[in-house]
Amino acid sequence: MKRKLAIILSTTMILTSALTGCTKDSGDEGSSSSSSKGGKYKKAEDLIEAYTKEDHDNMKMNMDLGVNAVISSDGTEFEIPATLKGDMEVAKEASHGNMEMSVEFMGESQKMSYEMYTVKDGKDTVVYTCDKETDEWTKSSSDGVSIDVSALNEILENDAFKDADLSYKKGEYTMTVSIEELLESKDIKDKISDLSDSVSSLGIDEDTVNDMIKSAADSEMVYVFDDDLNMTKFTIKDMKLKTSMEQDGYSMDIEVELNATVECSDFGKVDEDDVKVPDEVVDEASESSSESFDDILDAGDADDADDESDDDDDYIVNDDVDRSDFKAKEDVLGSIDGKTLSVDSKWDDTFGKAGFEFDSDEEEYTISASSDDYESVYLHIYGLDWDEEIVKVEDIKKDGMGGYSIDVSWAEDKPEMTWNGLTWGASAEDIVKAYGEPDYKYEGSMYDTYEYSTLPDIDSTIEFYVYHDDEYDSGLQQVDVDFE
């Protein structure tokens, strides 16, 4: 579920990018076209034509982006707030700024703070980034990406803005366009189509993306210009993206609210020396491979356990695990109602006999199942080639299972299951006593995970989730097994 929610937030970010424009070269240079105090431009089309002829890439920028996702499932509601704040000085195609990012999910929060320099090098933009926590500089480059204010300006050339509402008061032009009108333009439709293609391979279908886009149509995009045709402010306010989806047995209603503000000032007062990368930064910066947004999304398609970096302080890797004291019982990979689980187990003789039924006959990479006897128990079954091919229910029933994932953390009644003698509620100490020290361990605020992939004579991987949050049952509440 966490992976799909992360992709929903990522989809929101891409949609924001589609609506606010992409980078391009600045327009022809020229002097300020008007200093009139009477509102020279009566139509948005005339203002845009004059604005896009100007050079507007020398200023200070302050950015504030907030995304708040509200997820409702089975009468339970929780929020995932994320923010991005930053200030930047821009001179031509170079910049210097500071960024702060924060995201929270189910009691876990992460905050990041960075200082950044960008400089154009041919077709590439070279980015120097300092992680404020480690005070280490890294260097990366992105082909064809330009970090300048034209990212906010290009979309103004869209036909939807020609008939935008334009008002003038006290030396300011305010131009407003509805997202609904913007979404009807060919340029934005093309970008949305690209967005759908980007996320379809990750399990979010086109209907989900379209639901989110349609729900955003009620909001507006607002630009503010001064008399000298400087864009002083850009906002998207209370854009709501709504959809429903099912994942890991959950039926979820999702609403994402987006607020974005960019304010610009000090026009013409920032020069190239202000944003020049210091020599000591160039000398000490280590090379870092840059990730495109597609790379980040592709990474999200991995298993949840793989999402944690080995370099993360919360993710512990044990390279040399002593398994000499490990003793495997018949139920080392699990049992249900006394029936052992393995690659040779039959559905009808194990989970099926325990009262679970597949939720649908649709072909998926994993297929969910549920039981009327165990409300809020979420079970997913893997096929034998689940990591390479989609799964068919008939194949699972005929050929066997490639693994399973079961989560009882929200359930009152839980199926009778054991793992090497352990059962629901087992402590971390119980798990280590039964299986030894894990190959991988993740320590989180809500639960810890213990992963075993080098069990003697057992070509399988098993991962235990040990909860320690007061709102849920503590101890072992979720188990993932890949029979391999």
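Buried means under 20% relative accessible area, exposed over 50% and partly exposed in between, with a 1.4 Å probe and protein chains only. The legends below concern a predicted model, in which local features need pLDDT of at least 70, side-chain atom pairs count only at pLDDT 80 or more, and totals for chains, interfaces and linings use all residues. Residues are numbered from 1 along each chain as its sequence is written, and side-chain values use heavy atoms, with hydrogens and water left out.

**Figure 1. Overview of the protein.** The protein has ten helices and 24 strands; these are DSSP runs (helices H or I, at least four residues; strands E, at least two), numbered from the N terminus. Of its 484 residues, 46% are buried. Contact means heavy atoms within 4.5 Å. Among contacts between residues at least 6 apart in sequence, 60% join residues at least 24 apart.

**Figure 2. The loop residue S376.** S376 lies in the loop between β17 (366–370) and β18 (378–382). Its relative accessible area is 19%, so S376 counts as buried. Leaving out residues up to four places away in sequence, S376 touches D407, W410 and A411.

**Figure 3. T235 in strand β10.** Strand β10 covers residues 231–247 and includes T235. T235 is buried because its relative accessibility is 16%. Apart from neighbours within four places in sequence, T235 is in contact with E220, M221, V222, A260 and T261.

**Figure 4. The buried face of helix α2.** In helix α2 (residues 44–51), the buried residues are A44, L47, I48, A50 and Y51. Seen down the axis of α2, these residues fall within an arc of 165°, so they line one face of the helix. The arc is that of the directions from the helix axis to the C-beta atoms.

**Figure 5. Cysteines C130 and C264.** C130 is buried, at 2% relative accessible area, and C264 is buried at 7%. The structure holds zero disulfides, a disulfide being a pair of cysteine sulfur atoms within 2.5 Å.

Figure 6. pLDDT is the predictor's confidence in each residue, from 0 to 100. The protein averages a pLDDT of 76, and 69% of the residues score at least 70. Over residues 143–148 pLDDT stays under 50, and the model has 24 contacts for them beyond four places in sequence. Residues 289–313 also have pLDDT below 50, with 32 contacts in the model beyond near neighbours in sequence. Where pLDDT is low, the predicted coordinates should not be read in detail.
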